[in-house]
Amino acid sequence: EQKIFNIRSGEGTSINQLVDYMKKISGKKIQIKKMPARNSDVRQIVLDISKIKKEIGKIKKTPLEQGIKKTWEWINENY
């Protein structure tokens, strides 16, 4: 049975911060085209992690930058 869980860090992260992490970790230039916000854009998302906590108990925390680095390394090793 496949399950879907919400995961969160407890801290807000901007798109700009995510892009900065990705540039730093990948060593790639990332061009950004900034556009005006649309009415349908979500300004902030707050996730509820109670489902995964109930399923697996204690959750090991990984800092966002470290998680992005691990993901980048996995992609490079597997693709």
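Predicted model: local features only at pLDDT ≥ 70, side-chain atom pairs only at ≥ 80, totals over all residues.

Biologist: Is W74 exposed or partly exposed?

Modeller: Partly exposed, because its relative accessibility is 47%. Y79 counts as exposed, because it comes in at 73%.

Biologist: What lies over the face of F5?

Modeller: K51 does, at 5.6 Å from the ring centre.

Biologist: Switching to charges. How many salt bridges does a search of the whole structure find?

Modeller: Four. One of them joins the side chains of E55 and K3, at 2.8 Å from N to O.

Biologist: Where do E55 and K3 lie?

Modeller: E55 is in helix 2, and K3 is in the segment before helix 1. So the pair ties together parts that are 52 residues apart in sequence.

Biologist: What is the relative accessible area of E55?

Modeller: 45%, so E55 is partly exposed. K3 is partly exposed too, with 38%.

Biologist: Which residue does K24 meet in a salt bridge?

Modeller: E65, with 2.7 Å from N to O. K24 lies in helix 1 and E65 in helix 3, residues 64–78, so this pair ties together parts that are 41 residues apart in sequence.

Biologist: And is K24 exposed or buried?

Modeller: Exposed, at 61% relative accessibility. E65 is partly exposed, with a relative accessible area of 26%.

Biologist: What about K69, which side chain does it meet in a salt bridge?

Modeller: That of E73, at 2.8 Å from N to O. Both are in helix 3, four residues apart, so about one helical turn separates them. K69 has a relative accessible area of 42% and is partly exposed. E73 is also partly exposed, at 34%.

Biologist: Last topic, the surface. Which residues make the nonpolar patch?

Modeller: M22, I30 and I32. The patch covers about 240 Å².

Biologist: Why does I30 count as partly exposed rather than buried?

Modeller: Because its relative accessible area is 32%, and buried means under 20%.

Terms used. Residues numbered from 1 in each chain as written. Heavy atoms only, no water. Patch = residues over 30% accessible without salt bridge, like charges linked within 9 Å, V, L, I, M, F, W, Y side chains within 5 Å. Areas by Shrake-Rupley, 256 points an atom, 1.4 Å probe, with all protein chains shown as cover. Buried < 20%, exposed > 50% of the residue type's maximum accessible area, 1.4 Å probe, protein only. Lys NZ or Arg CZ within 6 Å of the ring centre and 35° of its normal. Helix = DSSP H or I, 4+ residues; strand = E, 2+ residues; numbered from the N terminus.
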